[in-house]
Amino acid sequence: MSLQEWITDFARYVPGFINAAWIVLLLTVVSIVISWICGLLAALGKASKLTPLRYISSFYVWFVRGTPTLIQIFIVYFGLPQVGIRLSPFVAGVIALGVNSGAYVAEIIRSGLSAIPKGQMESSLALGMSRFDAMTRIILPQVFRIIIPSLTNEAITSLKNTSLLSTITVVELTLYAQMIIASTFRPFDFYIASAIVYLVMTSVLSQISAHLERGYSKLY
Amino acid sequence: MTALANLPNGATEIQPLLRIKNLRKSFGTVEVLKGVSLELRAGEVVSIIGASGSGKSTFLRCVNVLETPDSGTFDYGGHSFDFSDRKRQPTGRELRDLRASVGMVFQSYNLWPHKSVIDNIIEAPIRVKGVARREALATGEALLQRIGLFEKRHAYPSHLSGGQQQRVAIVRALAMSPKVMLFDEVTSALDPELVGEVLSLMAALAGEGMTMLVVTHEIGFAREVSTRTVFFDGGQIAEDGASRDVLANPKSDRLRQFLQRVLHDTSLRAAGEPQ
């Protein structure tokens, strides 16, 4: 096969790759949103005065961090229908990934919270602010700045974990590559190609995060 | 200045502004406050002195309930609280109202590093008192003018000296138009050459009739500025009286020893010797 033929052959799959990359991006964004919500709730739950909340949050983090992500995905997609909850592959996938990543985000936020001096909460309360206002206006914005690098790492992990969703028939990058390979028998070419697409996306994420960090460090 | 206007001066004979009775507080098995009672009248400037561990900071933190007392009663602003009675403890709402009218300044300033100086000042008036942004800005800028930091209004706290940060922290509390100001060893974290600017701001406030409760190691401030000095010893008030009397003629050996120690340290510092 000449180089010319190789390139035209490869070019046929470019639109498909772009589509698959879009799916990866969508899966990542939605699961990151879910993970931040879960993570924030669990982090605050762990710091709560209410014992049941503390137990639930601790159990969540303990369970998720102690079991394989793939098993969690299977539980949501294959397991839940048995108890009457049927989800599409996409929905099951983002829920599983989001809830999974949330446990790690919870730990990240917890470490960020512990880095904020106690005096920040005290000075807010001393001015008559509610705990909620103090959290959302004073504490969390400071936490966010500290944890941007860790959150980025976690987002990159989430992005890469979307490839696990190929096992539950979400046609994202990995499953798309497998499908092409099944008809072309060129695993080396197409696995490398999909790796490059992943690499581009994770690099863009890192750049965004570095940019955010620079913006913040100029401020204070 | 709005925050300091209309303070009663001759009104010291009427009801005290704040009446605290028999306050007790333990941390674990250590009883830090062993029944402290104190009345504070409008316009009074009370210095609280005592060795570290004597309970004076804990007492101050109990006044705006940053620490919840185990027992004791509290009469303030028409409310009567009893901390040993669940039903008569302040509700969340009452707690926030109390704190909104009791300003507190901390040893470590505790400005919010992610907000500019002016944003530090207007946050609570807007959020807590519902003051319009424009009005809060005007008040905040006037207060900054007064302490000579108007030019720094858009700076972040980390770009200010310790003395400047502490003065901003004082102004942040003043922006809420408090009835009482609590000062918790506010000059202890400052470099010696920056102590003066903070103390003179406090003296100016005292001169305008602000009611103040000042935990301090600055005996000079206690003597020159405060009307009354309270000596804490072992979680109790050991002496309480007019500043000049208490400091010039200590009744107890404990206070005499304490004053000797503190004055000795101060003179060492003044002489430039290492502490």
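A residue is called buried when its relative accessible area is under 20%. In this predicted model, helix α8 of chain A, residues 173-184, has buried residues at A:Leu173, A:Thr174, A:Leu175, A:Tyr176, A:Ala177, A:Ile180, A:Ile181 and A:Thr184. The cover over these buried residues of α8(A) includes α2 (14-46) and α9 (187-219) of chain A.

The length of α8(A) was compared with expectation. At 1.5 Å a residue, its twelve residues should span 16 Å, and the end C-alpha atoms are 16 Å apart, so the two values agree. At the N-terminal end, α8(A) is capped by A:Glu172, which places a side-chain oxygen 3.0 Å from the backbone nitrogen of A:Thr174. Just after the helix, A:Phe185 has a positive phi of about 55 degrees.

A second pair of helices was examined in chain A. The axes of α3 (residues 51-66) and α5 (residues 89-114) come within 9 Å and cross at roughly 115 degrees. The crossing of α3(A) past α5(A) is left-handed. From α3(A), the contact involves A:Tyr60, A:Val61, A:Val64 and A:Arg65; from α5(A), it involves A:Val99, A:Asn100, A:Gly102, A:Ala103, A:Tyr104, A:Ala106 and A:Glu107. Of the residues in this contact, seven are nonpolar, two polar and two charged.

A:Leu70 belongs to helix α4 of chain A, residues 69-79. Its relative accessibility is 30%, and A:Leu70 therefore counts as partly exposed. Apart from neighbours within four places in sequence, A:Leu70 is in contact with A:Leu164 and A:Thr167. A:Leu70 and A:Asn161 are separated by 91 residues in sequence, while their C-alpha atoms are 9.1 Å apart in space.

Notes. Residues numbered from 1 in each chain as written. Chains lettered and ligands numbered in written order. Predicted model: local features only at pLDDT ≥ 70, side-chain atom pairs only at ≥ 80, totals over all residues. Heavy atoms only, no water. Axes fitted to C-alpha atoms, helices over the stretch in contact; angles between N-to-C directions. Helix = DSSP H or I, 4+ residues; strand = E, 2+ residues; numbered from the N terminus. Left-handed = near helix turned anticlockwise from the far one by under 90°. Contact = heavy atoms within 4.5 Å. Nonpolar A, V, L, I, M, F, W, Y, C, P; charged D, E, K, R; others polar. Expected span 1.5 Å × (residues − 1). Buried < 20%, exposed > 50% of the residue type's maximum accessible area, 1.4 Å probe, protein only. Polar contact = N/O pair within 3.5 Å; in protein donor to acceptor, adjacent residues only side chain to side chain.
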